[in-house]
Amino acid sequence: MEYIVAIDQGTTSTRCLIFDYKGKIISSAQKEHRQIYPSPGWVEHDPIEILTNSIEVLRKAFALCKIDQRQIKGLGITNQRETTVLWNKLTGKPYGNAIVWQDTRTEKICSELISQGLEDLFRKKTGLPLATYFSGPKIKWLIENNEELQKDLSTGIVLFGNIDSWLIWNLTGGVNGGVHFTDVTNASRTLLMDLITLDWDDGLLRILDIPKNFLPVIKPSSSHFGDFVLEGKTIPITGNLGDQQAALFGQVCFDPGNAKNTYGTGCFMLLNTGDKIIHSKHGLLTTVGYQLSGEKPVYCLEGSIAITGALVQWLRDNLGIIQNSKDIESLAATVKDNGGVYFVPAFSGLFAPYWKSDARGLIIGLTRFANKGHLARAALEATAFQTREVLDAMVKDSGVPLKNLKVDGGMVINELLMQFQTDILNVPVVRPTVTETTALGAAYAAGLAIGFWKNLDDLRSNWKEDRTWLPRMDENLRENLYNDWKRAVERSFGWNKVG
């Protein structure tokens, strides 16, 4: 038997999964890492901790299934996108913590660029708005606020990467010859890559004052990135995608019009638009979905939501109203509805379709009747409402009504949420048998590059439906709930004004 291994480096934890030819999980291991909050709106991770955890879960996954490493034919990497690391290639040490995609410290940088009338230029070239979400402004902030980094820039020893590049460089040798690569999906999240040329754009680099020589080389998602040696055995790294694009790939959304929604720390809906670049007019992102070696890129429309599963984590860690994340469903089920309570989780501003960096979280509609069950239910419903907003925008941009929605990620085991999701969307919601589609997509990309799977049809045959939820909510109730949600969202705008 032969297998493919995937490292799924996410926002809250790192996982390693080993898959067989049928896409079945043979072994898995997971470890959380610290969430560091130095100031309001700031979110950081320790890159060294992430690297250490990645190697630890890889070893553990091997140990749990007792597979000979010679049976592993390829390694795929998928990662939290936009999270930014700068490091010294001579010492291997980062210039401070990684700035996480949720971080809002670059709000002033983005606002100044917008005030200079540059947003249309960035959006046209990269498919992205000027927002705190993306890597480019984070790089600029790190350079401007680190004296050691400023001194080293002229020497050529500074390297930049999203988490994928950081892992690839270290796994392929680090200071002893590590390779500096990224793929088109991760590069498309930096505000620095031209969607047409699939290369770094010199004009955008000049605007942000970012040197080109410390950027990684951009490669197709399914190609050879380098070799990882573990205990004397070599494993080729042959797949690399940003996490949401990896989930699209794992859900076998290979045809234009296919869509998926991943419910994790945030929530991310992607619609395959084929080889067409569709610039959104309704607050969505245009991004690269994936690229196979020697083939044209496949593009997507994406609706990015910053806080969904993270809201459940916040109720657990910050308020303590649940002990474990899974307890949210049973607590929400103690009430029959939200009791008029709405929770807008704009902790990092609002992403799609609003792109309001100055929005902040709110709970509204409270009365003496409300209890922690209503709060739990409002938190789950916030995920479904935000998904509805993205789906509405997607239909407007594409002109194609969605027939069903494929779902994956940690929250899809929550059946109360899935039922409310189908009710508020009024389309069927379909869960696959393998919900770890992010890691599966990275494994698929790695396997295709080395012929483990011959073509996309091999992958399509692996996809199996586990359960479908059908809408059963009254139309008037659906629209009343959604309209009240929209009113709540509007009240979150403009809370955090930039000075």
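Tutor: Gladly! Let's begin with one word: a residue is called buried when its relative accessible area is under 20%. Keep in mind that this is a predicted model. In helix H10 (residues 309–319), the buried residues are Gly309, Ala310, Leu311, Val312, Gln313 and Leu315.

Student: What covers the buried residues of H10?

Tutor: The cover includes helix H11 (327–332), strand S17 (342–344) and H12. Just after H10 comes glycine 320, which has a positive phi of about 70°.

Student: How do you know that glutamate 49 is buried or exposed?

Tutor: Set its value against the cut-off. Glutamate 49 has a relative accessible area of 18%, and buried means under 20%. Glutamate 49 is therefore buried. Its place is in helix H1 (residues 47–65). Leaving out residues up to four places away in sequence, glutamate 49 touches Glu32, His33 and Arg34.

Student: What makes strand S1 "mostly covered"?

Tutor: Count its buried residues: in S1 (residues 3–9), seven of seven are buried. On one side these are Tyr3, Val5, Ile7 and Gln9, and on the other Ile4, Ala6 and Asp8. In a regular strand, side chains alternate between the two faces of the sheet.

Student: How do you know which strands pair with S1?

Tutor: Pairing needs at least two bridges between two strands. S1 and strand S5 (residues 72–79) have seven bridges and run parallel; in this pair, aspartate 8 is the bridge partner of threonine 78. S1 and strand S2 (residues 13–19) are joined by six bridges and run antiparallel, with alanine 6 opposite leucine 17. A hairpin of three residues links S1 to S2.

Student: Why are H12 and H16 called roughly perpendicular?

Tutor: Two packed helices are described by the angle between their axes and the distance between the axes. Helix H12 (residues 372–398) and helix H16 (residues 475–490) pack at about 90°, with axes 11 Å apart. Angles of 65 to 115 degrees count as roughly perpendicular, so H12 and H16 get that name. Their contact involves Ala382, Phe385, Gln386, Arg388, Glu389 and Asp392 of H12, and Arg478, Glu479, Leu481, Tyr482, Trp485, Lys486 and Val489 of H16. By kind, the residues of this contact are six nonpolar, one polar and six charged.

Student: Which residues touch the most other members of the largest nonpolar core?

Tutor: They are Tyr133, Phe214, Phe249, Tyr263 and Leu459, in a core of 131 residues. H12 contributes the most to this core, with 12 residues. Another core, of 33 residues, lies apart from it and includes Ile7, Leu51, Trp166 and Phe228.

Student: What is tyrosine 263 in contact with?

Tutor: Beyond its neighbours within four places in sequence, the contacts of tyrosine 263 include Thr383, Thr387, Leu405, Val407 and Met411.

Student: What makes S15 and S21 edge strands?

Tutor: Look at the order of the open sheet of seven strands: S15-S16-S14-S13-S19-S20-S21, with mixed pairing. Strand S15 (285–290) and strand S21 (465–469) each pair on one side only, and that makes them the edges. Within this sheet, strand S13 (residues 259–263) and strand S14 (residues 267–274) run antiparallel, joined by five bridges. Asparagine 261 stands opposite methionine 269 there.

Notes. Residues are numbered from 1 along each chain as its sequence is written. This is a predicted model: local features need pLDDT of at least 70, side-chain atom pairs count only at pLDDT 80 or more; totals for chains, interfaces and linings use all residues. Side-chain values use heavy atoms; hydrogens and water are left out. Axes are lines fitted to C-alpha atoms, for helices over the stretch in contact, and angles run from 0 to 180 degrees between N-to-C directions. Helices (H or I, at least four residues) and strands (E, at least two) are DSSP runs, numbered from the N terminus. Angles under 35 degrees count as roughly parallel, over 145 as roughly antiparallel, 65 to 115 as roughly perpendicular and the rest as oblique. Contact means heavy atoms within 4.5 Å. Ala, Val, Leu, Ile, Met, Phe, Trp, Tyr, Cys and Pro count as nonpolar, Asp, Glu, Lys and Arg as charged, and the others, Gly among them, as polar. A nonpolar core is a set of buried Ala, Val, Leu, Ile, Met, Phe, Trp, Tyr and Cys residues joined through side-chain atoms within 4.5 Å. Buried means under 20% relative accessible area, exposed over 50%, partly exposed in between (1.4 Å probe, protein chains only).
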